[in-house]
Amino acid sequence: MSNYLDALQGVIDNVVAPGAAEVDANGTFPREAVAALGEAGLLGLTVSETAGGGGQSLRQATEVVRRLAEVCGSTAMVTLMHYAAAVVIDNHGPDEVRKVIAAGGHLTTLAFSEVGSRSHFWAPQGTATAAATEDSVQLDARKSWVTSAGEANSYVWSSRPLAADGPMTLWLVPSTAGGLSQPGGFDGLGLRGNGSTPVTASGVTVPASAILGGDGAGLDVALGEVLPWFLVLSAAFSVGLMDAVTAEVGTYLTTTRLEHLGQTLAEQPLVRVDHARMRLATDQAAALLADTLNALEASRPDAMLRVLEVKAAAGEAAIAVSDLAMKLAGGAAFRKELGVERHFRDARAARVMAPTTDALLDFIGRAINGLPLL
């Protein structure tokens with residue numbers, strides 16, 4: 001799909017951008033945007049060509065998320081989680097689901113974090129047990145936060161192993177499965193339209209063939225396949241947000257005047273210094289993101305270290321950059337029209353989304369000291 005960026009820009013211009021303010025203001029799931037992304041071939045962008053998908057890589061998915069995040073954080077997050085889950089389904093899932101994702105008619109997402117272990121996604125408390133029905137499995141769990149909950153067509157679901165050793169097994173669970181419930185809606189500080197709510201499974205039955213990878217091998221899949229995509233795409237989200245807020249502030253500074261001085265705000269030295277700090281932090285995060293992609297594609301020895309670093313670095317940079325944006329735009333930044341306060345709120349999500357910044361810093365410390373991650 002060589003023209004995917006043209007297709008993406010069309011969706012952004014015609015659907016995502018016009019609806020972004022309403023999605024945020026009302027906490028509305030961006031259904032029209034997701035449908036348009038599917039119709040444009042962007043939900044199936046990374047699915048293998050053998051299943052009818054675009055056959056593109058993490059690099060192309062990164063560009064999609066980055067550009068969406070410039071306009072609508074909620075749409076970007078929904079797409080990010082879809083790509084992170086779709087890679088598992090493409091590698092381990094049934095052909096019929098792979099094909100419908102490739103065709104753009106199926107939204108998927110991750111269901112990892114749980115009430116009992118919170119952001120420690122590597123320690124699921126939910127169970128998988130042999131069901132009464134032959135060749136089927138019963139799932140029981142209290143997932144704490146699931147992006148696109150009730151909106152996605154399927155969940156890549158974690159549980160304790162069915163019978164094998166190991167900390168985790170992954171399953172493909174239809175969102176329409178009996179026994180799934182959502183305790184409530186989402187009314188958050190930022191990413192208000194991403195539909196992130198708890199999901200409870202009470203006696204959910206799936207066929208044994210719904211397993212994604214071997215029993216007990218879920219952590220290997222999560223660390224080897226999901227984590228690189230999720231962390232890199234999360235960094236792309238933060239970089240896109242920083243690009244947007246830096247540009248928005250730049251427009252404000254060059255068009256707002258101090259009439260008594262006959263100068264724009266951009267002509268004030270201290271203002272320029274802070275705006276330069278925003279650009280520098282954005283470009284540093286973008287450079288680390290680019291180097292991480294290069295490291296993964298070249299299978300460099302430091303590839304996993306870069307993967308662990310990139311979300312933490314970009315997420316913290318986005319918080320600092322959006323904070324400077326609020327300072328530079330002053331009272332205007334508190335109003336909805338400028339868009340800065342929306343990016344300010346959305347930027348805070350990266351710090352608390354599992355693995356959190358603190359967890360990643362611990363992983364990085366372990367990696368550089370030769371210790372196991374877990």
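Predicted model: local features only at pLDDT ≥ 70, side-chain atom pairs only at ≥ 80, totals over all residues.
**Entry on Thr46.** I looked up Thr46 and placed it in the loop between helix 2 (31–39) and helix 3 (58–69). Leaving out residues up to four places away in sequence, I listed as contacts of Thr46 the residues Gly55, Gln56, Ser57, Ala61, Tyr83, Asp90 and Trp229.

**Entry on backbone geometry.** I kept in mind that most residues other than glycine have a negative phi and that most peptide bonds are trans. Against that background I noted the following cases.

**Entry on Leu191.** I found a positive phi, near 45 degrees, at Leu191, which is a residue other than glycine. Leu191 belongs to the loop between strand 6 (180–181) and strand 7 (197–207). With a relative accessibility of 4%, Leu191 counts as buried.

**Entry on Ser299.** I recorded a positive phi of about 55 degrees for Ser299, again not a glycine. I located Ser299 in the loop between helix 7 (269–297) and helix 8 (303–329). Is Ser299 buried or exposed? Ser299 counts as exposed, because its relative accessibility is 61% and the exposed class begins over 50%.

**Entry on Pro355.** I examined the peptide bond that joins Ala354 and Pro355 and found it to be cis, with omega about -10 degrees. Pro355 is in the loop between helix 10 (349–352) and helix 11 (357–368).

Terms used. Residues numbered from 1 in each chain as written. Heavy atoms only, no water. Helix = DSSP H or I, 4+ residues; strand = E, 2+ residues; numbered from the N terminus. Contact = heavy atoms within 4.5 Å. Buried < 20%, exposed > 50% of the residue type's maximum accessible area, 1.4 Å probe, protein only.
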